[in-house]
Amino acid sequence: MLSAGALSLGVAGVYQYQPLTLEAPSPDPEGRSVPLVEHVMDTQTLFAAGLGYDFEFTSVMRLVVYQEGTGIGAARSRSGSSLARSAIRDPSFGIAYSLARDHSPARHYGLKLRADLSLPLGDAESFASEPGYVVAPAATFQFRAGRFSAVADLGLRLRPAVTLADVRYGSQFSASSGLSIEAITRRLFVAAEATAAPGLASAPSSPNGTRGHWVPAEWALTLSLHWAEVYSALLSGGTGLPLSSRSTDGGGHSEYFTGLGAPGARVVLMLRVTSPD
């Protein structure tokens, strides 16, 4: 949590491989894979300001600088690609409050409450915008003992629901956890984390009567380098987890796969400048 008057500015590049892929009917028993978005590169600008009294303001501005895929036209028909090479994503703004914290020498813990608001100003045809306003309340708990830290986060993403294939894309419950170790004192941190965001809306039935369970999930490994009090860098990489499922017959058998919205691979590089306390 930033102290009163402190500012933080981050610039990030995010690469995703196959974040949106559909399986369509085909003469092939395995089906036909339709990569609506196959490769996408985002840039993000992250700003935070300490407001005092344990409050913090945050904002994120995002831009798709390059992407390729079949676009929504391939899902509606057999037409060619209609996916724009670049697009503007929805901006988001948030407020956070440090509810409890302890900075004693032997241990450290903190509980932060936050709420984010995403505005639907991006390009919907390029999968760069939500179907409406998104409100995301969450709570984050952190505990540190010596060189080890543990973090848990629980939240909601409340949005209007839309249907894409046999997925009802709407409000979600989100849960994530992570462990980190201070490999070099106050300089290098190594972390592992996992996130799952099951959908809360009931899934529609597919033409063959099956019903899916949409649970986009990911894991990642992260290196964080702080080479000065002001400057830091972060490199993270991970993949989607096959927690989504779909029944394959009437006997209760299911197949598991990476959920729509969880990429086959994600790489993040971020540079951050933070004013000293």
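The model is predicted: local features need pLDDT of at least 70, side-chain atom pairs count only at pLDDT 80 or more, and totals for chains, interfaces and linings use all residues. Residues are numbered from 1 along each chain as its sequence is written, and side-chain values use heavy atoms, with hydrogens and water left out. The chain holds one helix and 18 strands; helices (H or I, at least four residues) and strands (E, at least two) are DSSP runs, numbered from the N terminus.

**Burial, contacts and surface**

- The chain has 277 residues, of which 35% count as buried; buried means under 20% relative accessible area, exposed over 50%, and partly exposed in between, with a 1.4 Å probe and protein chains only.
- Among contacts with a separation of 6 or more, 57% come from residues 24 or more positions apart, a contact being heavy atoms within 4.5 Å.
- The accessible surface of the chain is about 15,200 Å², and carbon and sulfur atoms own 63% of that surface; areas come from the Shrake-Rupley method with a 1.4 Å probe, and for residues only the protein chains shown count as cover.
- L117, Y133, V135, L154, L156, L158, F173 and L200 make a nonpolar surface patch of about 710 Å².
- Patches are made of residues with over 30% relative accessible area and no salt bridge, where like charges are joined within 9 Å and nonpolar side chains (Val, Leu, Ile, Met, Phe, Trp, Tyr) within 5 Å.

**A three-stranded sheet**

- Three strands form an open sheet in the order β13-β16-β17, with antiparallel pairing; two strands pair if DSSP finds at least two bridges between them.
- The edges are β13 (212-213) and β17 (254-257), each with a single partner strand, so one side of each has no neighbour in the sheet.
- Strand β16 (residues 244-247) runs antiparallel to β17 and is joined to it by four bridges; S245 stands opposite Y256 in β17.

**Aromatic pairs**

- There are three aromatic pairs in the structure; rings of Phe, Tyr and Trp (its six-membered ring) pair if their centres lie within 6.5 Å, and planes under 30 degrees apart count as stacked, over 60 as edge-to-face and the rest as tilted.
- One of them is F55 with Y97, whose ring centres are 4.8 Å apart with planes at 35°, so the pair is tilted.
- Because F55 lies in strand β3 and Y97 in strand β5 (residues 92-102), this pair ties together parts that are 42 residues apart in sequence.
- F55 is partly exposed at 36% relative accessibility, and Y97 is partly exposed at 28%.
- Y169 and W214 form a tilted pair, 5.3 Å centre to centre with 45° between the planes.
- Y169 is in strand β10 (residues 167-169) and W214 in the loop between β13 and β14 (217-225), so the pair ties together parts 45 residues apart in sequence.
- Y169 is partly exposed at 23% relative accessibility, whereas W214 is buried with a relative accessible area of 11%.

**Salt bridges**

- The whole structure has six salt bridges, each a side-chain nitrogen of Lys or Arg within 4 Å of a carboxyl oxygen of Asp or Glu.
- R89 pairs with D42, their closest N and O atoms being 2.6 Å apart.
- This pair links R89, in the loop between β4 (87-88) and β5, to D42 in strand β2, 47 residues apart.
- Both partners are buried: R89 at 12% relative accessibility and D42 at 3%.
- E130 forms a salt bridge with R157, with 3.5 Å between the closest N and O atoms.
- E130 lies in the loop between β6 and β7 (134-145) and R157 in strand β8 (residues 148-157), so the pair ties together parts 27 residues apart in sequence.
- E130 is buried at 14% relative accessible area, while R157 is partly exposed at 30%.
- E130 also meets R159 in a salt bridge (2.9 Å, N to O), and R159 is buried, as is E130.
- R114, D116 and D153 are linked in a network of salt bridges.

**Positive phi angles**

- D54, in the loop between β2 (32-52) and β3 (55-68), is not a glycine but has a positive phi near 70°; D54 is partly exposed at 28% relative accessibility.
- R186, also not a glycine, has a positive phi of about 60°; R186 sits in the loop between β11 (172-184) and β12 (188-196) and is exposed at 64% relative accessibility.
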